Amino acid sequence: TTGATISIKIEKRNFLLFWTDVVEETITVNNYYYANALHYQLEDTGTYRCTVKYVISGSGGADDVITYEEEQKY
């Protein structure tokens, strides 16, 4: 592993069909090890969706892409 990019996006559902961005952040890692806990304060109740995309780079071959998505009601 030579590095990674971690993209975080939190959206809030509006009118049952539309999603509005609440948080959008990208973290660049230039090392083979990264550990961190991120906390975000949600200002209103409702349904939220969090999408995290990990792009892991190495010295050979294509980048690995891992996407995680979860939806929660608060």
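Contact here means heavy atoms within 4.5 Å of each other. The structure is a predicted model in which local features need pLDDT of at least 70 and side-chain atom pairs count only at pLDDT 80 or more, while totals for chains, interfaces and linings use all residues. Residues are numbered from 1 along each chain as its sequence is written, and side-chain values use heavy atoms, with hydrogens and water left out. An open sheet of 4 strands, with the order E2-E1-E3-E4 and antiparallel pairing, is described below.

**Sheet architecture**

- Strands (E, at least two residues) and helices (H or I, at least four) are DSSP runs numbered from the N terminus, and two strands pair if DSSP finds at least two bridges between them.
- The 4 strands form an open antiparallel sheet in the order E2-E1-E3-E4.
- Because E2 and E4 stand at the edges with a single partner strand each, one side of each is left without a neighbour in the sheet.
- From one strand to the next the twist averages 15°, where axes are lines fitted to C-alpha atoms (for helices over the stretch in contact) and angles run from 0 to 180 degrees between N-to-C directions.

**Strand pairs and hairpins**

- E1 and E2 are antiparallel and joined over 11 bridges; within this pair, Ile8 has Glu25 in E2 as its bridge partner, and Lys12 has Thr20 in E2.
- The hairpin of E1 and E2 has 3 residues between the strands, and Phe15 takes a positive phi near 55° in it.
- E1 and E3 run antiparallel and are joined by 10 bridges, with Lys53 in E3 as the bridge partner of Ser7.
- Strand E3 (residues 47-57) pairs with strand E4 (residues 64-73) in the antiparallel sense over 10 bridges, and Glu69 in E4 is the bridge partner of Thr51.
- In the hairpin of E3 and E4, with 6 residues between the strands, Gly61 takes a positive phi near 85°.

**Nonpolar core**

- A nonpolar core is a set of buried Ala, Val, Leu, Ile, Met, Phe, Trp, Tyr and Cys residues joined through side-chain atoms within 4.5 Å; buried means under 20% relative accessible area, exposed over 50% and partly exposed in between (1.4 Å probe, protein chains only).
- The largest such core has 6 residues, namely Ala4, Ile6, Ile8, Ile27, Val29 and Val52.
- Strand E1 (3-14) and strand E2 (18-29) are the elements that give two or more residues to this core, and E1 provides the largest share, 3 residues.
- Leaving aside residues up to four places away in sequence, Val52 touches Ile6, Ser7, Ile8, Ile66, Thr67 and Tyr68.
- In soluble globular proteins, nonpolar side chains tend to be buried together.

**Individual residues**

- Glu11 lies in strand E1 and counts as buried because its relative accessibility is 8%.
- Not counting residues up to four places away in sequence, Glu11 touches Trp19, Thr20, Asp21, Val22, Thr47, Tyr48 and Arg49.
- The charged end of Arg49 sits over the ring of Trp19, 4.1 Å from its centre; this label requires NZ of Lys or CZ of Arg within 6 Å of the ring centre and within 35 degrees of the ring normal.
- Tyr34 belongs to the loop between E2 and E3 and is partly exposed, with a relative accessible area of 37%.
- Ile6, Ile27 and Val29 are touched by Tyr34, not counting residues up to four places away in sequence.
- The C-alpha atoms of Tyr34 and Thr20 are separated by 29 Å, with the two residues 14 residues apart along the chain.
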